[in-house]
Amino acid sequence: MKLNMATSMTMAMALASSHWKACNAFGGVAKLASSSIGVTRSTWKGQEYRLFGSVPSTAEEEEEEIAVVAESSSSIYDSHAEDLSKVKSKFLQTMRDRGFLHQCTNLVELDAQLTEQENTEGGALPAYLGFDATADSLHVGSLLQIMILRHLQQSGHRPIVLVGGGTSKVGDPTGKDESRQLLTDEAIQKNIDGISKAFKKFIHFAPTDDDGEEQKANDAIMVNNDDWLSTLNYMEFLRDYGTQFTINRMLSFESVKQRLTREAPFSFLEFNYMILQAYDFLELNRRHKAKLQLGGSDQWGNIVAGTELGRRCDSVQLFGLTAPLITTSDGKKMGKTANGAVWLNQDKLSEYDYWQFWRNTADADVIRFIKLFTELSLEDVAELEKLKGADINKAKVILADEATALLHGKETLSAIHKTVNNMFKGGGVSTDSLPRIFVTKDKMTEDGGISFADLFLQLKLASSKKEARRLIQGGGARLGDEKITDQNGSLNLTDFDDSAEVTLRAGKKRAGVVELQ
């Protein structure tokens, strides 16, 4: 798909026609000359900021800025190997040694500022990471970013969790073949409530007045960009910030180029997403002194745009740091299975199934995942790296234990181990950690019981009834130890014998419990 002339002209005029070069959408707007190197001053919340000209004044400067975005294909381990070997910041050393890094703007200066704060009593550099509220739970694909925030806090710095209540109304086009479904305000708030649960498992948030705790410099905070995005005046925002972005530059972003090759239309609403993300960085610097934005490598262009907006508008130096997008050794996207997403919330995925996800890690991925998704020391990891053949399974169990303990607590491991022992080693009788649904005796006696296809779907042992029937046809479905052969069969009251529960199995490693109430 190509942008037609009318669309291009509309966007170009909206974003680049004005000669007002101010960076305050909330009043005190200063008028600048049309020169791209003009300087003036404006105020925001009583603080004065120097405002610089917005767009590159020459084609050469435009090409240089586009080249910055294009560098995202080059890993920092290759492009800045010498600088990376010399970093002194505890945070950057952890990121480097455990494999979290992909790209960074001005690595040397960022290291200097992080190190200064780490060596200052009560010092902490605020850094933020954004999560749009597109579902009511995060999944394993977001876990890498959460671990980065955890390491940031443990290094003495302040994590800022940005939930995208505002940007979720637009939808991030990055990596998508078509527009995201637009969500209502009620759905977005429900999703925010859901995803907030996971953060509290990994990082410590600033106490409220009722907690009676003393606030620390590295206590995390959670903010919602709907607080400022939904109150923006559209015309003022275009006038004050539209000139900071050029169509040439925006079309060079990889996320935009990919969408323009797809058949689905690329809406003007989505095209604005990168501007809003850049503005978030500026706003968080003004409100909370955020100096660093973290994110996945697919966000590199948007992050760079935010650092440049801070430089042009407020003459502040901001930084961006990205992590690689994690794929498995066979090239598949991390966090997806044949049965759907690997959710972090317990009400979406049981502790046992979460443990099994990590236990089923491929041999080639286990050491890398231990470094990224656990806090096992690198010395212990080096010992595990020596394991060969069947002994690699020991490392997989450690990965599953450590990752599950971080999310669900160490106390869940005992029940999981009993269940594993029962299912695979013939010992014990515990099913406590398996996913569980409840049925009534009345329901079991109506219409000949409940179909196995429905039960496998409810237990999330299949993603659809069709898949459940295929499982039965293929011989992979069992009731206890008995193979289920009828794809249209049902579970009825007589199947319980004298027990209050039965176990349904999907293959060798997945199971769930149906319990009578």
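Modeller: A definition to start: helices (at least four residues) and strands (at least two) are DSSP runs, numbered from the N terminus. Keep in mind that this is a predicted model.

Biologist: How many helices and strands are there in the chain?

Modeller: The chain has 23 helices and 17 strands. It has 517 residues, and 51% of them count as buried. Take the contacts with a separation of 6 or more: residues 24 or more positions apart make up 71% of them.

Biologist: Let's go to the loops. Where is Asn-106 found?

Modeller: Asn-106 sits in the loop between strand E3 (103–104) and helix H6 (107–118). Its phi is near 50 degrees, which is positive, and the residue is not a glycine.

Biologist: You mentioned H14. At roughly what angle do H14 and H15 cross?

Modeller: Roughly 50 degrees. H14 covers residues 273–288 and H15 covers residues 300–314, and their axes come within 8 Å. The two helices are therefore oblique to each other. The crossing is right-handed.

Biologist: Which residues in H14 and H15 meet?

Modeller: From H14, the contact includes Tyr-273, Met-274, Phe-281, Leu-282 and Arg-286. From H15, it includes Ile-303, Leu-309, Cys-313 and Asp-314. The residues of this contact split into 10 nonpolar, 5 polar and 2 charged.

Biologist: Switching to strands. How many residues of strand E5 are buried?

Modeller: 7 of the 7, so E5 (residues 158–164) is largely enclosed by the rest of the structure. Arg-158, Ile-160, Leu-162 and Gly-164 point one way. Pro-159, Val-161 and Val-163 point the other way, and all are buried.

Biologist: In which sense does E5 pair with strand E4, parallel or antiparallel?

Modeller: Parallel, over 7 bridges, with E4 spanning residues 126–132. Asp-132 stands opposite Gly-164 in E5.

Biologist: What about the sheet with E11? In what order do its strands come?

Modeller: The order is E11-E17-E16-E13-E14. That is an open sheet of 5 strands with mixed pairing. E11 (436–439) and E14 (482–483) stand at the edges with a single partner strand each, so one side of each has no neighbour in the sheet.

Biologist: How many bridges join E11 to E17?

Modeller: There are 4 bridges, and the two strands run parallel. E17 spans residues 510–516. Arg-436 stands opposite Val-513 in E17. Phe-438 has Glu-515 in E17 as its bridge partner.

Key. Residues are numbered from 1 along each chain as its sequence is written. This is a predicted model: local features need pLDDT of at least 70, side-chain atom pairs count only at pLDDT 80 or more; totals for chains, interfaces and linings use all residues. Side-chain values use heavy atoms; hydrogens and water are left out. Axes are lines fitted to C-alpha atoms, for helices over the stretch in contact, and angles run from 0 to 180 degrees between N-to-C directions. Angles under 35 degrees count as roughly parallel, over 145 as roughly antiparallel, 65 to 115 as roughly perpendicular and the rest as oblique. A crossing is left-handed if the near helix is turned anticlockwise from the far one by less than a right angle, and right-handed if clockwise. Contact means heavy atoms within 4.5 Å. Ala, Val, Leu, Ile, Met, Phe, Trp, Tyr, Cys and Pro count as nonpolar, Asp, Glu, Lys and Arg as charged, and the others, Gly among them, as polar. Two strands pair if DSSP finds at least two bridges between them. Buried means under 20% relative accessible area, exposed over 50%, partly exposed in between (1.4 Å probe, protein chains only).
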